[in-house]
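Trainee: I am new to this structure. Can we go through it step by step?

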Amino acid sequence: MAEVQRRPGRPGPPPGRGPPTPASVKPSAPRFEPVDREKTCPLLLRVFTKVGDHHTDGDFAVRGKEPKDEVQIYTWMDATLCELTDLVKEVTPEARRRDAILSFAFVYPDKCGRFVVREVGRTFSYPNGRRPDSGSKAFSDLSFQIGDYLDVAILTQ
């Protein structure tokens, strides 16, 4: 590898200035450590399922009058969408169809208190290598906040 030659009498850049060196480059997103599921208490996740499309933000507007198709799941922040797909398939027959696609969305209040439904990923009921999906994404990678709901739309072709 070639070394940079400096001309005599010309100082280099001051320390800490200039472009970062490869060793000081930080990853774009923080990686969270896996949770020790034997020692860490799980969180209660309220999951709302619907065939055909996601619930609307108006369906969550009144506290206590959320949609009736709710499943409560105990899980951890390192849970992946693939793990949740398997749990939803256990309780929702439509999710077990060979051609089913599960679309996951977080439901949370915005700064004004109105609920927002934001899609965060999709999985296939029966994935294969030719159809990549978001199954390996964990809650912690998707900016999930404790207290958010999860809305799952079950799409069939």
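Mentor: Start with a term. A polar contact is a pair of N or O atoms within 3.5 Å; within protein, one must be able to donate a hydrogen and the other to accept it, and residues adjacent in sequence count only if both atoms are side-chain atoms. This is a predicted model: local features need pLDDT of at least 70, side-chain atom pairs count only at pLDDT 80 or more, and totals for chains, interfaces and linings use all residues. Residues are numbered from 1 along each chain as its sequence is written, and side-chain values use heavy atoms, with hydrogens and water left out.

Trainee: With which side chain does the side chain of S103 make a polar contact?

Mentor: S103 lies in strand β3, residues 101–109. Strands (E, at least two residues) and helices (H or I, at least four) are DSSP runs, numbered from the N terminus. At 3.1 Å, the side chain in polar contact with that of S103 belongs to E119.

Trainee: Is S103 buried or exposed?

Mentor: Buried means under 20% relative accessible area, exposed over 50%, and partly exposed in between (1.4 Å probe, protein chains only). Contact means heavy atoms within 4.5 Å. Beyond its neighbours within four places in sequence, S103 touches H54, E119, G121, R122, D151, V152, A153 and L155. Its relative accessible area is 1%, so S103 is buried.

Trainee: What is the order of the strands in the open sheet?

Mentor: The protein chain has 1 helix and 5 strands. Along the sequence, the pattern is β-β-α-β-β-β. Two strands pair if DSSP finds at least two bridges between them. The open sheet has 5 strands with mixed pairing, in the order β2-β1-β5-β3-β4.

Trainee: Which are the edge strands?

Mentor: Take the sheet order again: β2-β1-β5-β3-β4. An edge strand here pairs on one side only; the two are β2 (70–75) and β4 (115–124).

Trainee: In which sense do β1 and β2 pair?

Mentor: Look at the residue partners. L43 has T75 as its bridge partner in β2. V47 stands opposite V71 in β2. Over 6 bridges, β1 (residues 43–51) and β2 pair in a sense that is antiparallel.

Trainee: What is the bridge partner of F48 in β5?

Mentor: β1 also joins strand β5, residues 149–155, through 5 bridges. These two strands run parallel. In β5, the bridge partner of F48 is D151.

Trainee: How many disulfides does the structure hold?

Mentor: A disulfide is a covalent bond between the sulfur atoms of two cysteines. The test here is a pair of cysteine sulfur atoms within 2.5 Å. C82 is partly exposed at 37% relative accessible area, and C112 is exposed at 59%. The number of disulfides in the structure is 0.

Trainee: What distance separates the C-alpha atoms of T40 and W76?

Mentor: T40 sits in the segment before β1. T40 is partly exposed, because its relative accessibility is 34%. Leaving aside neighbours within four places in sequence, T40 contacts V35 and W76. T40 and W76 are 36 residues apart along the chain, yet their C-alpha atoms are separated by 8.1 Å.

Trainee: What share of the residues of the protein chain counts as buried?

Mentor: Consider contacts with a separation of 6 or more: residues 24 or more positions apart account for 67% of them. The protein chain has 157 residues, and the share that counts as buried is 33%.
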